[in-house]
Amino acid sequence: PKVGDLGEDSLPVQAYEIGQFYIIDAGVPNKGNKHAGVLLAINKEHINPKFIRWLVYPEDKELQGRVVGMRIVRGIDDFLVVNTYYPPFGGKLTNLMSKLNIYHNKIFREAPCRTTLLWAGDLNCKMGLQHKDGKLEKIDTPAIGQYAQVENKLGTTVRETMEQFQLVATNTFAGGGTPTFYSGTGDGATTPDYWITTQAAWQSQKVSSVMVLTKLGYKLQLPTRTKPTDHVPVSIAVRHGSLDYTAPESVKWDFDKLMVAVMQGRYRQEFFDNLEVTLGMNAEEFEKALEANNPTAMYHTLLQAVH
């Protein structure tokens, strides 16, 4: 749905501002802990809310209050930011967990190929280590770094999703740091929280390590509730510009079929979104051709953008 849909009865999501933050608040789950819930906040000093292109929010009432996302498109920058709350893991995968997994796979697949994913949240899972032949060893996966934990069933499901979409849990590489979760006794722990992005974004340092917002964050701890949550908000910084990496294999397209699909309406919006960004990157070249009244150069510039 579009951000303009906020406020309709069919979409229980609130948008409001606190200081320099523009907030998308997905509320709390229909069942379970009423102090739980998910929200995303944009620092308006860095990103104008007008650059929000998509709002990601499930229609399934069982999932509402557990996952929220937004796609931000600004020039050549394109990010899909998702925040998820999985219920505490009780030893077996519930129907709710399966629904969340299916929903994540759906939105990750539907994101345009140039979109960089930032997935964060209280995933309540452990990943990266396994018992084998009486010994504890690291699972052979690029998704998890050296700061791993003995994997549970939910962790296996989340890790397999990460491997499918070539993602990494950044905090398992950076390790340690200021705790983001505080139990009822006031003890800090990092166990339930993960911050995930694409392997390409992490390796090219387009996405930074996570910073814990110990001061500003207090204002963002679900401010519409009666008391702050036990998770301290975190900040993830991204570097402007396209990713500097080479794909392992070049993607081969049947351009005739692609053009037919666009003309029939399939993928049309995604096509125009990508075309708009590409033209923006080639604007100077096109302007020169326009000033020189050179139709051939203008044609080749447009052809390159469509390609």
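Glu17 has Tyr22 as its bridge partner in S2. This report describes a predicted model. S1 and S2 run antiparallel and are joined by 5 bridges. In their hairpin, 2 residues lie between the strands, and Gly19 adopts a positive phi near 60°. Tyr22 also stands opposite Ile42 in S3. Strand S2, covering residues 21–25, is antiparallel to S3, and 5 bridges join the two.

Together these strands make an open sheet of 3 strands, ordered S1-S2-S3, with antiparallel pairing. The edges are taken by strand S1 (14–18) and strand S3 (39–43); each has a single partner strand, so one side of each is left without a neighbour in the sheet. On average, and with direction ignored, neighbouring strands of this sheet are turned by 20° against each other. Strands of a sheet pair through backbone hydrogen bonds, in either a parallel or an antiparallel manner.

## Sheet S9-S8-S10

An open sheet of 3 strands has the order S9-S8-S10, and its pairing is mixed. Strand S9 (135–138) and strand S10 (149–150) stand at the edges; because each has a single partner strand, one side of each lacks a neighbour in the sheet.

Strand S8 comprises residues 128–132 and runs antiparallel to S9, with 4 bridges joining them. Within this pairing, His131 stands opposite Leu136 in S9.

## Helices H1 and H2

H1 packs with helix H2 (residues 153–164) at an angle of about 10°, and their axes are 11 Å apart. An angle under 35 degrees counts as roughly parallel, and H1 is therefore roughly parallel to H2.

On the H1 side, the contact involves Met97, Asn101, Asn105 and Phe108, which meet Leu154, Thr157, Thr161 and Gln164 in H2. By class, the residues of the contact of H1 with H2 are 3 nonpolar and 5 polar, with no charged residues.

## Aromatic pairs

Across the whole structure, a search finds 2 aromatic pairs. One of them is formed by Phe108 and Trp119, whose ring centres are 5.2 Å apart. The planes of the Phe108 and Trp119 rings stand at 70°, so the pair is edge-to-face; the cut-off for that class is over 60 degrees.

Phe108 belongs to helix H1 (residues 95–110), whereas Trp119 belongs to strand S7 (residues 116–122). The pair therefore ties together parts that are 11 residues apart in sequence. Phe108 is also among the H1 residues that meet H2.

## Helices H7 and H8

Helix H7 (residues 283–291) packs with helix H8 (residues 295–306) at an angle of about 160°, their axes being 8 Å apart. Since angles over 145 degrees count as roughly antiparallel, H7 is roughly antiparallel to H8. The crossing of H7 past H8 is left-handed.

From H7, the residues in this contact are Glu285, Phe286, Ala289 and Leu290. They meet Ala297, Met298, Thr301, Leu302 and Gln304 in H8. The contact of H7 with H8 has 6 nonpolar residues, 2 polar residues and 1 charged residue.

Key
Residues numbered from 1 in each chain as written. Predicted model: local features only at pLDDT ≥ 70, side-chain atom pairs only at ≥ 80, totals over all residues. Heavy atoms only, no water. Pairing = 2+ DSSP bridges. Axes fitted to C-alpha atoms, helices over the stretch in contact; angles between N-to-C directions. Parallel < 35°, antiparallel > 145°, perpendicular 65-115°, else oblique. Left-handed = near helix turned anticlockwise from the far one by under 90°. Contact = heavy atoms within 4.5 Å. Nonpolar A, V, L, I, M, F, W, Y, C, P; charged D, E, K, R; others polar. Phe/Tyr/Trp six-rings, centres within 6.5 Å; stacked < 30°, edge-to-face > 60°.
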